[in-house]
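Take a look at the model below. A short walk through its parts follows.

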Amino acid sequence: MKRFWAVLAMLCMLAASAGALAADYDPVAEFGSDVLNVYNWGEYIDKQVLTDFEKEYKVRVNYSLFSSNEEMYTKLLSGASYDVLVPSDYMIERLIKENKLQPLDREVVNNLDNLAEGVRNLDYDPDNTYSVPYLWQTVGIVYDTTKIDPAEMEEQGWSAFLNPEYSGHVYMYDSERDAFMVALKALGYSANTDDPDELQAAFEWLREMDKAVHPSYVTDEVIDAMANGEKWMALVYSGDAAYILSENEDMGYLAPKEGTNISIDAMVIPANATNPKLANVFIRYILEYDASLRISEEVGYASANAQVLEELSGEDGAYAGNDAYVPRAGYDLDEHYIDIPESLRSQYSSMWIKVKLHE
Amino acid sequence: MKSFFRMSYPYLLWIALFIVAPMIMILLYALTRSGNGLLTFQFTLENFTKFFNDATFMRVLFTSLRIALLTTVFCILIGYPAALFMASLPERKQTTMVLLLTLPMWINMLLKTYAWRGILMNFDLESEARVFIGMVYDFLPYMIIQIHTAIAKMDRDLLTAAYDLGANRWKTFLKVTLPLSVPGIISGITLVFLPAVSSFVIPKLLGGGDYVLIGNLIEIYFLNAGDWNFGSAISLIMALIIIASMWATKKLDRNAQEG
């Protein structure tokens with residue numbers, strides 16, 4: 001085993017010596033350690049970006065995956081140490097509140113001008129003290145334009161989920177928060193409400209939906225299923241919708257008129273990070289044009305880099321003419337999620353189970 | 001004797017750290033409400049009353065018990081004839097059969113379940129039917145092996161004696177083979193019913209979002225809701241069910257051995 005590591009180290013050194021950095025560059029002297037622990041969502045990066053970063057800075061990136069903000073949070077609570085995390089907006093709000101993040105080094109992260117209009121001045125961290133947006137998205141409806149007329153779809157908005165004509169042809173994303181967001185928005189309430197009457201009304205709305213369209217409650221399998229045109233409409237994240245639309249030209253995307261959720265996943269450095277210096281360098285690197293382009297093109301979620309966003313949706317871009325790629329920005333009725341207390345989340349769960357079990 | 005007792009220390013330490021301590025933590029969570037500090041918590045039974053007063057949760061509990069029972073019964077119905085057949089083969093073939101039977105266990109259960117998902121999604125089945133097929137498939141080998149072991153170690157002379165005394169094959173089976181294989185059936189039940197009632201991957205992958213068993217309920221409250229108190233209460237209720245059914249099968253086993 002020792003020999004293996006020695007050989008590996010030698011190979012790394014050989015590869016690195018071909019790199020662009022000065023000959024006397026030593027990552028350990030520079031950053032204190034040449035290892036960076038990154039914790040990100042699954043299927044949310046172009047691996048080449050990590051390899052390039054490793055080569056350029058002669059470091060090693062440990063890349064681990066989570067599948068929900070809550071999973072990431074639980075892991076963090078259990079004492080795991082990471083250098084860069086990519087949670088969503090409301091989770092960042094909670095992490096800031098609980099003093100679990102450290103401020104960015106703005107001398108290093110000096111390229112915030114790259115940020116797109118839609119991801120500036122965000123409520124949870126208005127001047128980017130702690131976070132730099134990574135990718136962003138809206139929640140919306142992917143629908144088969146050969147089955148449902150686009151004008152009709154636009155007219156209906158969220159209430160399409162109550163239209164019995166679509167019964168048996170609907171996918172509902174199995175996520176409490178998003179399902180309740182749909183109902184609350186359809187009823188004209190805020191997605192972040194804690195008013196018991198509004199929540200009860202949303203609960204009734206969802207039960208009606210269950211009766212009216214008999215949806216299949218799914219998670220990520222919805223992506224392939226809609227790309228294959230298996231049902232007429234589905235609740236999806238715009239980033240996944242961009243992929244579906246690029247696979248199946250019959251599909252359309254709608255961010256309903258009643259407003260929806262805009263969510264932002266952003267890079268942060270936890271307070272207990274072991275290599276914050278390198279973490280800052282990594283964050284700057286990701287926000288640069290090259291890395292941002294690769295990531296957004298691969299994943300289909302909207303880039304936080306303005307130039308990339310414009311280019312990918314432009315005439316020759318990978319997502320030209322794709323309605324789902326660029327999230328609707330600046331629409332008054334759209335909201336970010338705020339962090340809600342545990343009692344409310346538990347209530348969401350209890351009500352959502354009843355909806356799914358048809359009770 | 002004393003020195004042998006000392007050898008169990010590592011095991012006792014293991015139990016204390018990884019079984020007793022977590023159980024105590026679950027108990028503490030289940031009996032408190034969130035927002036309590038480590039030193040200021042107040043005991044409450046509201047997590048349990050919430051569970052038992054809600055028709056939905058009771059139905060989930062009932063569904064879990066029903067599907068576990070159904071799985072166990074079917075495993076016996078399919079597994080018993082299979083075990084009987086295996087025991088009737090020459091010894092060397094029996095070894096091969098046991099090997100063949102355990103072969104699928106070398107593959108990770110998650111992979112097998114995903115494979116079933118690919119197969120079953122092509123058919124228009126109720127979610128419960130899909131979960132049931134997946135569970136029977138997964139737990140059947142445990143049942144067959146237990147019953148087969150019980151039958152195989154039976155003294156063959158007993159059968160000859162029964163024939164000598166004029167019993168036909170059916171009567172021999174009823175009076176000799178079946179009673180002697182009961183311990184095998186009972187350990188088979190333990191190995192099938194308990195994991196089936198707490199199963200959560202199979203219903204999650206094969207059942208779909210609208211099929212919730214008690215294992216899934218625990219996951220939802222821990223991960224989605226972050227309500228560790230209620231999640232712990234459900235875990236505790238499930239642990240009690242498991243202990244109760246272990247006690248019941250043990251009692252059954254003792255009765256069978258006495259009778």
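Is A:His214 buried, exposed or partly exposed? A:His214 counts as partly exposed because it has 16 C-beta neighbours inside 10 Å. The cut-offs run as follows: a residue is buried if 20 or more other C-beta atoms lie within 10 Å of its own, exposed if 12 or fewer, and partly exposed in between, with C-beta atoms placed from the backbone.

This is a predicted model, in which local features need pLDDT of at least 70 and side-chain atom pairs count only at pLDDT 80 or more, while totals for chains, interfaces and linings use all residues. Residues are numbered from 1 along each chain as its sequence is written, and chains are lettered from A and ligands numbered from 1 in the order in which they are written.

Stay with A:His214. Its phi is positive, about 40 degrees, although A:His214 is not a glycine. The residue sits in the loop between helix 8 (196-213) and strand 6 (216-218) of chain A. Helices (H or I, at least four residues) and strands (E, at least two) are DSSP runs, numbered from the N terminus. A:Lys58 also has a positive phi, near 55 degrees. Look for A:Lys58 in the loop between helix 3 (47-57) and strand 2 (60-66) of chain A. A:Lys58 is partly exposed, with 19 other C-beta atoms within 10 Å.

Now step back to the domains of chain A. The assignment gives domain 1 (28-134 + 265-313) and domain 2 (137-262 + 331-356); such bounds come from an automatic or database domain assignment. The C-alpha centres of the two domains of chain A lie 28 Å apart.

Next comes the core. The largest nonpolar core has 162 residues. Such a core is a set of buried Ala, Val, Leu, Ile, Met, Phe, Trp, Tyr and Cys residues joined through C-beta atoms within 7 Å. Helix 7 (residues 127-152) of chain B supplies the largest share, twelve residues. Domain 1 and domain 2 of chain A both give residues to this core, so it lies between them. A:Val142 is among the residues with the most contacts inside the core. Beyond its neighbours within four places in sequence, A:Val142 touches residues including A:Met233, A:Val236 and A:Tyr253.

Finish with chain B. Its secondary structure comes to twelve helices and zero strands. Buried residues make up 30% of its 259 residues.

Technical notes. Contact = placed C-beta atoms within 7 Å.
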